Amino acid sequence: MGRFNLVMLRYLTRDDFRVLTAVEMGMKNHELVPASLVAVIARLKHGGCHKHLQELCKQKLLSYERGRKYDGYRLTNLGYDYLALKTLSSQDIVNSVGNKIGVGKESDIYLAADEEGKEMVLKIHRLGRTSFRKIKEKRDYHLHRKSSSWLYLSRLAAVKEFAFMKALHERDFPVPKPIAFNRHCVIMELIQGQTMCNVRELNDPELLYGKLMDLIVSLANAGLIHGDFNEFNIILTEDEEPIIIDFPQMVSTTHADAEFYFDRDVQCVREYFRKRFAFESDTYPKFHEDVERQDNLDIDTEASGFMKNIRDQIQGAIEISEEGIAGATDDSGDDTDGDDEECGDAPADEREENRYLQRSIMERFLGVDDISTVEVDGDRKLQPPATDEDSVTSPADFPASVMPQREDVAVNRHLAQSIATSCTISPEDIRARTKKQLQQKKNRDAYKKSLVVKGESSAVTRSRRDNRDVVKQYAGWEEF
Ligand SMILES: Nc1ncnc2c1ncn2[C@@H]1O[C@H](COP(=O)(O)OP(=O)(O)OP(=O)(O)O)[C@@H](O)[C@H]1O
């Protein structure tokens, strides 16, 4: 999707939006929402829900698809974008949306402006964009909720990003000013500058290096580790001031692998400065020596991996100071159920989404279909989400050994090459396998294509055709 056709927003009627919202609500527990359900939820004053559905399909805000058991409507990316933008524009936050200025793995970045023409950034999260289709084929990610998770996951990412940005901005960390969010969209300040990966030369590499290292340490002092602190997530202003972007993956300093993430962030900066600016320094921060907790941002933002027992301890300490020694003894007794349990009180939806996130990342990075078969650190196994009700996981919760590292990618590539050269399978065999894989891909594509149907009328034609075939098949059975 290149540009938004916001003009369309003006021509969509109130009832169109009502119907679109009804489909969104229906998708909370239906993958495809039947027209009858949309009509019940939308409760249009003058009826005519069907006409609106058809119009919205024509505008590609909805798509009518074939399900396993029944056909129904699904909100498209564009439809979800419009719902969010409609809300943001009715709150007078966004007045216009311009060109796309950036594309991330899981997001699209647009220029936007308010009524006075002040430029802002609109970040639209598209979680699951790269892996959703594959997961959709399997459909097991729905678990008991049977929801279309891309919608909820994108919203979750936006909420998380906004929360981190707000907390960091309030503590004067150099991040874009958060303005608003709705559904999967985040509105933030536009930073005038260039991402560090595009900067060829620096006036003072040493100064910037120092600032970046200080930033990593002060973030950790506040209880957070960025987790993806690299040249792509740092924007440099004209005065070479670094501004950090992209926070959903932030982890707490109490995370089991906090030291690993911290060191990785530090090494990322060191490596980049060595390669790009030929600047090397022996001075760099170390997790156990230089980090000193001064704030509880991880707890305020519920960053991945913060330990519930640590929050309880902090809460206990507060209560001790408030209520005296008696309060303290009560608290120590209450602590028993929370040992090492991460975010144990997260809402059920969030837990489910976190689990899906984990599954999606496992599938994308490791190509693993059945998570229960993955072995970690010898005997630790990731359980299938459905049976692991009480644990909360997120990508950042993965042990270091499972998360893909840059070196791993390089090593894997090297391995792939060496495997290719020392392969003992005969060329005929390889050819046959490739042909089979191609055929399977072709079948999969054809199946996906067959899921999208043009409209309800096609469902009628289909059922008539099926009936005709059945009639044909049984023609003359009475004669026997
Ligand atoms: N506030 C901003 N001001 C200016 N440019 C921005 C801003 N936020 C994002 N961008 C641009 O958009 C690009 C992608 O943004 P961002 O890194 O947040 O997306 P992402 O999907 O999280 O990316 P990835 O996951 O691939 O790192 C950035 O490299 C930057 O060029």
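Student: Before we start, what kind of model is it, and how are residues numbered?
Tutor: It is a predicted model, in which local features need pLDDT of at least 70 and side-chain atom pairs count only at pLDDT 80 or more, while totals for chains, interfaces and linings use all residues. Residues are numbered from 1 along each chain as its sequence is written, and side-chain values use heavy atoms, with hydrogens and water left out.

Student: At what angle do H2 and H5 pack?
Tutor: Helix H2 (residues 14-26) and helix H5 (residues 77-90) pack at about 115°, with axes 11 Å apart; helices here are DSSP runs of H or I with at least four residues, and strands are runs of E with at least two, numbered from the N terminus. Axes are lines fitted to C-alpha atoms, for helices over the stretch in contact, and angles run from 0 to 180 degrees between N-to-C directions.

Student: Which residues make the contact?
Tutor: With contact meaning heavy atoms within 4.5 Å, H2 contributes Phe-17, Leu-20, Thr-21 and Glu-24, and H5 contributes Gly-79, Tyr-80, Tyr-82, Leu-83 and Lys-86.

Student: Switching to strands, is S4 mostly covered or uncovered?
Tutor: Strand S4 (residues 107-113) is mostly covered, since six of its seven residues are buried, that is, under 20% relative accessible area with a 1.4 Å probe and protein chains only.

Student: How many bridges join S4 to S5?
Tutor: Seven bridges join S4 to strand S5 (residues 119-125), and the two run antiparallel; strands pair if DSSP finds at least two bridges between them.

Student: And what is the bridge partner of Asp-108 in S5?
Tutor: That partner is Ile-124, while Val-103 stands opposite Asp-108 of S4.

Technical notes
Buried < 20%, exposed > 50% of the residue type's maximum accessible area, 1.4 Å probe, protein only.
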